[in-house]
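These entries record what I looked up on helix packing and on one strand pairing. I worked throughout from a predicted model.

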Amino acid sequence: ILAQGASKHGTASSPLLFRSFPAMLATRSAVRAARLAGRRYNSSSPIVSTLQNKIEALAKKKTPQMMSLRKEFANTPIGEVTIGACIGGARGIKCLLSETSLLDPMEGIRYRGRTLEECMAQLPAAPGGKVGLPEASLWLLLTDEMPTSAEVTALNEELHKRSHIPEYVYKLIDNLPRDVHPMTQLSMGLLALQPGSKFGQAYRAGCKKSDYWIHTLEDSLNLVGQIPLLSARIFRNVFFDGKHIPSDPSLDWAGNYAQMLGVNDTEEFKEVTRLYLMLHADHEGGNVSAHTTHLVGSALSDPYYAYSAGVCGLAGPLHGLANQECLRWLKDTHKNLGGKEPTVEILTQYAKDTLAAGKVIPGFGHGVLRKTDPRYMIQRDFAKKHFPDDPLFKLANVCYEAIPPVLEATGKVKNPWPNVDALSGTCMQRYGLTQEDYYTVVFAVSRSLGCVSNLVWSRIMGLPIERPKSMTLDSLEAYVKK
């Protein structure tokens with residue numbers, strides 16, 4: 001794909017075209033070998049070779065499109081930047097390239113053009129299950145193809161093989177005080193895994209720029225394989241006195257993660273975990289965790305550095321804590337009702353009183369969506385099937401009917417409909433995952449799929465180091481006075 005030419009340290013020079021894809025395919029066999037840090041590193045897995053070939057085929061298909069946009073339409077405006085946008089967090093500014101997903105205001109997030117409803121119907125599920133497997137969505141995000149069941153099985157086996165975590169990393173995590181926040185521990189754990197980065201080793205050995213994506217893919221698969229074990233280790237340390245449950249290679253990626261958490265050994269809990277991890281896997285490139293991962297990766301920091309930074313962004317209360325706040329609000333509302341059966345009339349007045357008191361109602365509205373979040377509806381369908389009489393779900397269901405009209409009546413809310421966070425916490429606590437401080441870690445396990453997929457494609461497309469222009473208040477004022 002046409003890439004921004006760069007020196008080894010990312011300084012822009014003239015554009016260049018990666019070596020032709022026919023040549024790449026002709027010289028790359030199923031057993032990929034590269035000289036890394038003075039030794040041979042072999043990625044000999046057939047499923048990884050298949051994955052690489054599919055990614056290469058998609059990149060070859062995308063190359064003319066990239067070349068055309070870059071050469072013929074580079075100066076075509078796709079929006080404008082206002083002072084309000086500069087001061088207001090660049091919300092909605094179209095200035096990022098992310099191939100894996102796109103957020104439609106009316107249809108919600110699309111993974112490679114597929115709605116989440118289509119993903120649920122078409123992605124392979126676990127034996128006896130109905131939920132599209134999140135690791136299958138990883139394949140989709142990387143290749144723009146729905147994987148076969150056999151491909152997902154092979155990918156799961158590959159992720160298990162790559163899941164080994166060095167003992168020094170476990171010692172680091174095990175020796176942390178129990179009151180260190182789980183997200184802090186996760187970021188530290190990912191950084192501790194960084195010395196094993198294949199990209200870092202290849203870069204230091206002088207690998208070709210056209211091969212950056214291959215080593216990024218290696219790191220990405222390793223990170224995805226490792227993050228459930230690392231995250232489960234943190235959970236059992238903090239909440240279960242370090243009593244760990246071993247990984248089970250016979251289980252799928254998400255089912256194994258649910259098993260290692262050890263709060264519920266039912267198949268339903270595995271299914272709701274698969275559901276959560278698939279629905280949260282990707283959400284365009286502009287949210288804090290995705291953008292941070294991309295920004296750090298644009299400096300050619302490897303996926304461990306980049307996603308560790310993304311996890312730190314996800315830990316912020318304005319990004320990753322929304323599901324906790326929604327669950328707490330539901331619990332408080334349930335308590336304040338004093339045992340009354342929730343009705344639309346009661347919740348309508350409760351919502352009005354809440355707003356009149358200057359408080360917010362979490363879980364409703366979205367910065368882009370202008371309808372009910374499809375992720376909410378998919379979770380709602382799951383809850384209606386598996387636990388329709390759960391008190392918090394019944395309350396949330398009434399809120400779904402009562403609160404949007406109240407918010408809409410204020411005239412201040414562009415989207416009064418519930419988002420994914422309005423039900424995520426309810427689904428978790430139903431099956432015994434009640435440790436709310438851990439919820440963002442589950443989010444991070446899921447979002448790793450989209451963030452690393454974006455890193456792979458950023459390297460394929462040769463995207464340059466990100467460097468927007470900043471302004472001062474004085475310079476903005478001077479601009480206005482011109």
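Entry 1. I began with helix α15 (residues 322-336) and helix α19 (residues 421-430), whose axes lie 7 Å apart and pack at an angle of about 75 degrees. Angles of 65 to 115 degrees count as roughly perpendicular, so α15 is roughly perpendicular to α19. I then listed the residues that meet: α15 contributes A322, N323, C326, L327 and L330, while α19 contributes D421, A422, S424, G425, T426, M428 and Q429. Sorted by class, this contact holds 6 nonpolar, 5 polar and 1 charged residues.

Entry 2. I next examined α19 against helix α18 (residues 391-409). The two axes come within 9 Å and cross at roughly 165 degrees. Because angles over 145 degrees count as roughly antiparallel, α18 is roughly antiparallel to α19. I noted the crossing of α18 and α19 as left-handed. On the α18 side the contact is made by L392, F393 and A396; on the α19 side, by L423, T426 and Q429. I counted these residues by class as 4 nonpolar, 2 polar and no charged.

Entry 3. I turned to strand β5 (residues 101-104) and asked which residues form its covered face. They are S101 and L103, whereas L102 and D104 form the uncovered face. In a regular strand, side chains alternate between the two faces of the sheet.

Entry 4. I looked up the pairing of β5 and found 4 bridges to strand β6 (residues 108-111), with the two strands antiparallel. The bridge partner of L102 in β6 is R110. I recorded β5 and β6 as a hairpin with 3 residues between them.

Key:
Residues are numbered from 1 along each chain as its sequence is written. This is a predicted model: local features need pLDDT of at least 70, side-chain atom pairs count only at pLDDT 80 or more; totals for chains, interfaces and linings use all residues. Side-chain values use heavy atoms; hydrogens and water are left out. Axes are lines fitted to C-alpha atoms, for helices over the stretch in contact, and angles run from 0 to 180 degrees between N-to-C directions. Angles under 35 degrees count as roughly parallel, over 145 as roughly antiparallel, 65 to 115 as roughly perpendicular and the rest as oblique. Contact means heavy atoms within 4.5 Å. Ala, Val, Leu, Ile, Met, Phe, Trp, Tyr, Cys and Pro count as nonpolar, Asp, Glu, Lys and Arg as charged, and the others, Gly among them, as polar. A crossing is left-handed if the near helix is turned anticlockwise from the far one by less than a right angle, and right-handed if clockwise. Buried means under 20% relative accessible area, exposed over 50%, partly exposed in between (1.4 Å probe, protein chains only). Two strands pair if DSSP finds at least two bridges between them.
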